[in-house]
Amino acid sequence: MRDSIPGPGSRAEPPRMARTMEPLAKKIFKGVLVVELLGVFGAYFLFNRMNTSQDFRQTMSKKFPFILEVYYKSIEQSGMYGVREQDQEKWLNSKN
């Protein structure tokens, strides 16, 4: 029983649980990083598509109006005005 207690000169082994958690933490970090990068590229693709296609903005207005509203607000914040009005005018004229 005395042999199992480490003495002042012996080195205690680090807990094994810490070693097994390290690869798991790396996997989680890599997974979160991949998800974040996909989100950034997806947002860029969506913004670029809405910025270049009025027809796509019309589709977005029917399916996801809240995303289109974020697009309009962001371009108005950057100083580009009149896009919303041009879209609404074209969409009203195309119905007639």
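Lys73 is partly exposed, at 47% relative accessible area (partly exposed lies between buried, under 20%, and exposed, over 50%, with a 1.4 Å probe and protein chains only). Lys73 sits in helix α3. This is a predicted model, in which local features need pLDDT of at least 70 and side-chain atom pairs count only at pLDDT 80 or more, while totals for chains, interfaces and linings use all residues. Residues are numbered from 1 along each chain as its sequence is written, and side-chain values use heavy atoms, leaving out hydrogens and water.

**Overall fold**
- The protein has four helices and zero strands (DSSP runs numbered from the N terminus: helices are H or I with at least four residues, strands are E with at least two).
- Its pattern along the sequence reads α-α-α-α.
- Of the 96 residues, 14% are buried.
- The accessible surface totals about 8500 Å² (Shrake-Rupley method, 1.4 Å probe; for residues, only the protein chains shown count as cover).
- Carbon and sulfur atoms hold 62% of that surface.
- Take the contacts between residues at least 6 apart in sequence: 34% of them join residues at least 24 apart (contact means heavy atoms within 4.5 Å).

**Core**
- The largest nonpolar core has nine residues: Met50, Phe56, Met60, Leu68, Tyr71, Tyr72, Ile75, Val83 and Trp91 (a set of buried Ala, Val, Leu, Ile, Met, Phe, Trp, Tyr and Cys residues joined through side-chain atoms within 4.5 Å).
- Helices α2, α3 (65–77) and α4 (83–95) each supply at least two residues of this core.
- The largest share, four residues, comes from α3.
- Trp91 touches Gln54, Arg57, Gln58, Ser61, Leu68 and Tyr72, leaving aside residues up to four places away in sequence.

**Helix α2**
- Phe56, Arg57 and Met60 are buried in α2 (residues 54–63).
- Viewed down the axis of α2, its buried residues fall within an arc of 100°, so they line one face of the helix (the arc is that of directions from the helix axis to the C-beta atoms).

**Surface of helix α1**
- Phe29, Leu33, Leu37 and Phe41 make a nonpolar surface patch of about 440 Å².
- Patch residues have over 30% relative accessible area and no salt bridge; like charges are joined within 9 Å, nonpolar side chains (Val, Leu, Ile, Met, Phe, Trp, Tyr) within 5 Å.
- A salt bridge puts a side-chain nitrogen of Lys or Arg within 4 Å of a carboxyl oxygen of Asp or Glu.
- Leu37 lies in α1 (residues 16–52).
- Leu37 is partly exposed, with a relative accessible area of 44%.

**Lys73 and Arg84**
- Lys73 and Arg84 are eleven residues apart along the chain.
- Their C-alpha atoms are separated by 9.5 Å.
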